[in-house]
Amino acid sequence: MTVSSISSVSNGSGLVASLFFRTATRLIEIQCQRGRIYPSRLSLKMLQYSADHGHISAMSRLGGLLFDCGCGRADKRSGLEYIRRAAKGGDIEAQFLLGKACFEGKITPKDCKAATHWLVLAADSGHTRAAMVLKQCENNLENADIHQVALA
(Lines give C-alpha, C1' and ligand atoms only; values in the text may rest on other atoms or scores of the structure.)
Protein backbone atom coordinates (compact mmCIF):
# COMPACT_ATOMS: atom_id res chain seq x y z
CA MET A 1 0.00 0.00 0.00
CA THR A 2 1.42 3.41 -0.95
CA VAL A 3 0.94 6.88 0.49
CA SER A 4 -1.12 7.93 -2.54
CA SER A 5 -3.52 4.99 -2.23
CA ILE A 6 -4.05 5.66 1.46
CA SER A 7 -4.48 9.40 1.01
CA SER A 8 -7.81 8.74 -0.71
CA VAL A 9 -9.13 7.29 2.53
CA SER A 10 -11.02 10.09 4.22
CA ASN A 11 -12.52 8.07 7.05
CA GLY A 12 -10.00 7.56 9.85
CA SER A 13 -7.24 9.68 8.33
CA GLY A 14 -6.18 10.70 11.85
CA LEU A 15 -5.65 7.05 12.72
CA VAL A 16 -3.68 6.47 9.53
CA ALA A 17 -1.61 9.61 10.18
CA SER A 18 -0.80 8.37 13.67
CA LEU A 19 0.12 4.93 12.38
CA PHE A 20 2.34 6.45 9.66
CA PHE A 21 4.04 8.68 12.23
CA ARG A 22 4.84 5.78 14.56
CA THR A 23 6.08 3.64 11.67
CA ALA A 24 8.22 6.44 10.21
CA THR A 25 9.71 7.19 13.63
CA ARG A 26 10.63 3.55 14.11
CA LEU A 27 12.16 3.34 10.62
CA ILE A 28 14.24 6.45 11.31
CA GLU A 29 15.45 4.98 14.61
CA ILE A 30 16.51 1.76 12.85
CA GLN A 31 18.22 3.72 10.07
CA CYS A 32 20.12 5.82 12.63
CA GLN A 33 21.26 2.69 14.46
CA ARG A 34 22.64 1.44 11.16
CA GLY A 35 24.61 4.64 10.66
CA ARG A 36 22.39 6.34 8.11
CA ILE A 37 22.61 10.10 8.51
CA TYR A 38 19.44 11.13 6.68
CA PRO A 39 16.12 9.22 6.75
CA SER A 40 14.89 7.28 3.74
CA ARG A 41 12.50 8.77 1.25
CA LEU A 42 9.75 6.44 2.50
CA SER A 43 10.18 7.67 6.08
CA LEU A 44 9.97 11.28 4.95
CA LYS A 45 6.86 10.60 2.84
CA MET A 46 5.18 8.92 5.81
CA LEU A 47 6.05 11.85 8.06
CA GLN A 48 4.79 14.28 5.44
CA TYR A 49 1.49 12.43 5.13
CA SER A 50 1.07 12.53 8.91
CA ALA A 51 2.03 16.19 9.14
CA ASP A 52 -0.26 17.19 6.27
CA HIS A 53 -3.11 15.43 8.07
CA GLY A 54 -2.65 17.40 11.28
CA HIS A 55 -0.30 15.22 13.34
CA ILE A 56 1.56 17.82 15.45
CA SER A 57 4.52 15.59 16.39
CA ALA A 58 4.99 14.65 12.73
CA MET A 59 5.04 18.35 11.80
CA SER A 60 7.73 18.95 14.39
CA ARG A 61 9.84 15.94 13.40
CA LEU A 62 9.57 16.52 9.65
CA GLY A 63 10.16 20.23 10.06
CA GLY A 64 13.27 19.62 12.13
CA LEU A 65 14.66 17.14 9.61
CA LEU A 66 14.01 19.42 6.63
CA PHE A 67 15.31 22.51 8.42
CA ASP A 68 18.47 20.87 9.73
CA CYS A 69 19.27 18.47 6.89
CA GLY A 70 17.41 19.82 3.87
CA CYS A 71 19.36 20.06 0.64
CA GLY A 72 18.39 23.57 -0.33
CA ARG A 73 16.79 26.76 0.85
CA ALA A 74 13.34 25.56 -0.27
CA ASP A 75 13.63 22.45 1.92
CA LYS A 76 14.71 24.55 4.87
CA ARG A 77 11.83 27.02 4.39
CA SER A 78 9.37 24.16 4.10
CA GLY A 79 10.83 22.68 7.28
CA LEU A 80 10.49 26.00 9.06
CA GLU A 81 6.82 26.19 8.06
CA TYR A 82 6.15 22.71 9.48
CA ILE A 83 7.97 23.78 12.66
CA ARG A 84 5.88 26.95 12.87
CA ARG A 85 2.63 24.97 12.55
CA ALA A 86 3.75 22.49 15.22
CA ALA A 87 4.86 25.30 17.55
CA LYS A 88 1.47 26.97 17.23
CA GLY A 89 -0.06 23.56 17.97
CA GLY A 90 1.84 23.44 21.28
CA ASP A 91 4.75 21.11 20.45
CA ILE A 92 7.57 21.99 22.88
CA GLU A 93 10.43 20.88 20.61
CA ALA A 94 8.96 22.88 17.72
CA GLN A 95 8.67 25.95 19.96
CA PHE A 96 12.35 25.57 20.80
CA LEU A 97 13.35 25.07 17.15
CA LEU A 98 11.30 28.07 16.01
CA GLY A 99 12.72 30.26 18.76
CA LYS A 100 16.24 29.17 17.88
CA ALA A 101 15.60 29.81 14.16
CA CYS A 102 14.29 33.32 14.93
CA PHE A 103 17.32 33.96 17.15
CA GLU A 104 19.88 32.75 14.59
CA GLY A 105 18.19 34.36 11.58
CA LYS A 106 19.47 31.90 8.99
CA ILE A 107 16.31 31.30 6.94
CA THR A 108 13.98 33.76 8.62
CA PRO A 109 14.98 37.34 9.49
CA LYS A 110 16.61 37.57 12.92
CA ASP A 111 13.94 38.53 15.44
CA CYS A 112 14.93 38.41 19.11
CA LYS A 113 11.43 39.31 20.32
CA ALA A 114 9.82 36.43 18.42
CA ALA A 115 12.68 34.18 19.53
CA THR A 116 12.09 35.17 23.14
CA HIS A 117 8.36 34.43 22.82
CA TRP A 118 8.87 30.89 21.51
CA LEU A 119 11.81 30.11 23.77
CA VAL A 120 9.90 31.24 26.87
CA LEU A 121 7.02 28.92 25.94
CA ALA A 122 9.41 26.00 25.50
CA ALA A 123 11.45 26.79 28.63
CA ASP A 124 8.30 27.15 30.75
CA SER A 125 7.31 23.67 29.61
CA GLY A 126 10.64 22.27 30.81
CA HIS A 127 12.80 22.35 27.67
CA THR A 128 16.33 22.79 29.09
CA ARG A 129 18.09 23.80 25.87
CA ALA A 130 15.44 26.50 25.35
CA ALA A 131 16.44 28.09 28.65
CA MET A 132 20.09 28.25 27.53
CA VAL A 133 19.29 29.85 24.16
CA LEU A 134 16.86 32.20 25.90
CA LYS A 135 19.71 33.57 28.04
CA GLN A 136 21.75 34.27 24.89
CA CYS A 137 18.77 35.98 23.29
CA GLU A 138 18.12 38.13 26.36
CA ASN A 139 21.80 39.15 26.41
CA ASN A 140 21.48 40.24 22.76
CA LEU A 141 18.35 42.26 23.56
CA GLU A 142 20.09 43.96 26.50
CA ASN A 143 23.14 44.74 24.35
CA ALA A 144 20.88 46.17 21.62
CA ASP A 145 19.08 48.37 24.20
CA ILE A 146 22.44 49.60 25.55
CA HIS A 147 23.60 50.32 21.98
CA GLN A 148 20.42 52.30 21.22
CA VAL A 149 20.84 54.38 24.39
CA ALA A 150 24.46 55.10 23.44
CA LEU A 151 23.38 56.28 19.98
CA ALA A 152 20.68 58.63 21.39
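The side chains of glutamate 104 and lysine 106 meet in a salt bridge, 3.8 Å from N to O. The exercises below work through this predicted model, in which local features need pLDDT of at least 70, side-chain atom pairs count only at pLDDT 80 or more, and totals for chains, interfaces and linings use all residues. Residues are numbered from 1 along each chain as its sequence is written, and side-chain values use heavy atoms, with hydrogens and water left out.

**Exercise 1.** Classify glutamate 104 and lysine 106 as buried, partly exposed or exposed.

Solution. 
- Step 1: recall the cut-offs. Buried means under 20% relative accessible area, exposed means over 50%, and partly exposed lies in between (1.4 Å probe, protein chains only).
- Step 2: take glutamate 104. Its relative accessibility is 32%, so it counts as partly exposed.
- Step 3: take lysine 106. Its relative accessible area is 60%, so it is exposed.

**Exercise 2.** Find how many salt bridges the structure holds, and examine the one between glutamate 29 and arginine 26.

Solution. 
- Step 1: define the term. A salt bridge is a side-chain nitrogen of Lys or Arg within 4 Å of a carboxyl oxygen of Asp or Glu.
- Step 2: Side chains of opposite charge can pair when their charged atoms come close.
- Step 3: count. The structure holds 4 salt bridges.
- Step 4: check the distance. In the pair of glutamate 29 and arginine 26, the closest N and O atoms are 3.2 Å apart.
- Step 5: Helices (H or I, at least four residues) and strands (E, at least two) are DSSP runs, numbered from the N terminus.
- Step 6: classify. Glutamate 29 has 37% relative accessibility, so it is partly exposed. Arginine 26 has 43%, so it is partly exposed.

**Exercise 3.** Decide which helices are linked by the pair of arginine 129 and glutamate 93.

Solution. 
- Step 1: confirm the pair. Their side chains form a salt bridge, 3.1 Å from N to O.
- Step 2: locate each partner. Arginine 129 is in helix H8 (residues 128-151), and glutamate 93 is in helix H6 (residues 92-104).
- Step 3: judge the separation. The two are 36 residues apart, and the pair links distant parts of the chain.

**Exercise 4.** Describe the surroundings of glutamine 31.

Solution. 
- Step 1: locate the residue. Glutamine 31 lies in helix H2 (residues 13-33).
- Step 2: classify. Its relative accessible area is 12%, so glutamine 31 is buried.
- Step 3: list contacts (heavy atoms within 4.5 Å). Leaving aside neighbours within four places in sequence, glutamine 31 touches Arg36, Pro39, Ser40 and Ser43.
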